[in-house]
Amino acid sequence: METSATKSRAEIFTDGACSGNPGPGGWAAILRSGAHELELTGGERVTTNNRMEMTAAIEGLKALKRPTAVIIHTDSRYVLDGASKWLKGWKKNGWKTADKKPVKNEDLWRALEAAMDGHAIEWRWVRGHSGHPENERADTLARSAIPAR
């Protein structure tokens, strides 16, 4: 049985970059659905690499116009593991880690969870700077989106 989430298919390639950590940072998401492609970028004057990696995934998902079966490619284990393994436990524990500390970047984890809602998501890890064409392109876009100091 085909659901509405499987009628539309897309891939999202994401990356985040930071000049200093914290420091100015940029993010990029490349969305691909069939022959269509869209590049999204943005930046912040003071941020961290993890926040930029998360923002790339959030903004990529927010750009989807309908429930979609989507593969998200990221070189961030933090984003991949957080979204696919840790998020449910953090919510259940009142946004605390296993050792009862507040979850870092809770605002973005909540935003990512909301952006994921309604989509069938498969997370795929890509080794950064390994020649993966879309990851290299997303990296270049993210670095170019870093605001000047």
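The largest nonpolar core of this predicted model holds 30 residues. Within this core, I12, L61, W109, L112 and W123 touch the most other members. Several elements each supply at least two residues of the core. They include those in the table.

| Element | Residues |
|---|---|
| Strand 1 | 8-18 |
| Strand 2 | 23-33 |
| Strand 4 | 68-74 |
| Helix 3 | 77-92 |
| Helix 4 | 106-116 |

Helix 2 is also one of these contributors. A second, separate core has seven residues, F13, A28, I30 and A138 among them.

**Helix 2**

Helix 2 covers residues 49-62, 14 residues in total. From its first C-alpha to its last it reaches 20 Å, close to the 20 Å expected at 1.5 Å a residue. Its buried residues are M52, E53, M54, T55, A56, A57, I58, G60 and L61.

**Helix 3 against helix 4**

The axes of these two helices come within 11 Å. They cross at roughly 95°. An angle of 65 to 115 degrees counts as roughly perpendicular, and helix 3 and helix 4 are therefore roughly perpendicular to each other. Helix 3 brings Y78, V79, G82, A83, L87, W90 and K91 to the contact. Helix 4 brings W109, L112, E113 and M116. By class, the contact has eight nonpolar residues, one polar and two charged.

Terms used: Residues are numbered from 1 along each chain as its sequence is written. This is a predicted model: local features need pLDDT of at least 70, side-chain atom pairs count only at pLDDT 80 or more; totals for chains, interfaces and linings use all residues. Side-chain values use heavy atoms; hydrogens and water are left out. Helices (H or I, at least four residues) and strands (E, at least two) are DSSP runs, numbered from the N terminus. The expected span of a helix is 1.5 Å times one less than its number of residues. Buried means under 20% relative accessible area, exposed over 50%, partly exposed in between (1.4 Å probe, protein chains only). A nonpolar core is a set of buried Ala, Val, Leu, Ile, Met, Phe, Trp, Tyr and Cys residues joined through side-chain atoms within 4.5 Å. Axes are lines fitted to C-alpha atoms, for helices over the stretch in contact, and angles run from 0 to 180 degrees between N-to-C directions. Angles under 35 degrees count as roughly parallel, over 145 as roughly antiparallel, 65 to 115 as roughly perpendicular and the rest as oblique. Contact means heavy atoms within 4.5 Å. Ala, Val, Leu, Ile, Met, Phe, Trp, Tyr, Cys and Pro count as nonpolar, Asp, Glu, Lys and Arg as charged, and the others, Gly among them, as polar.
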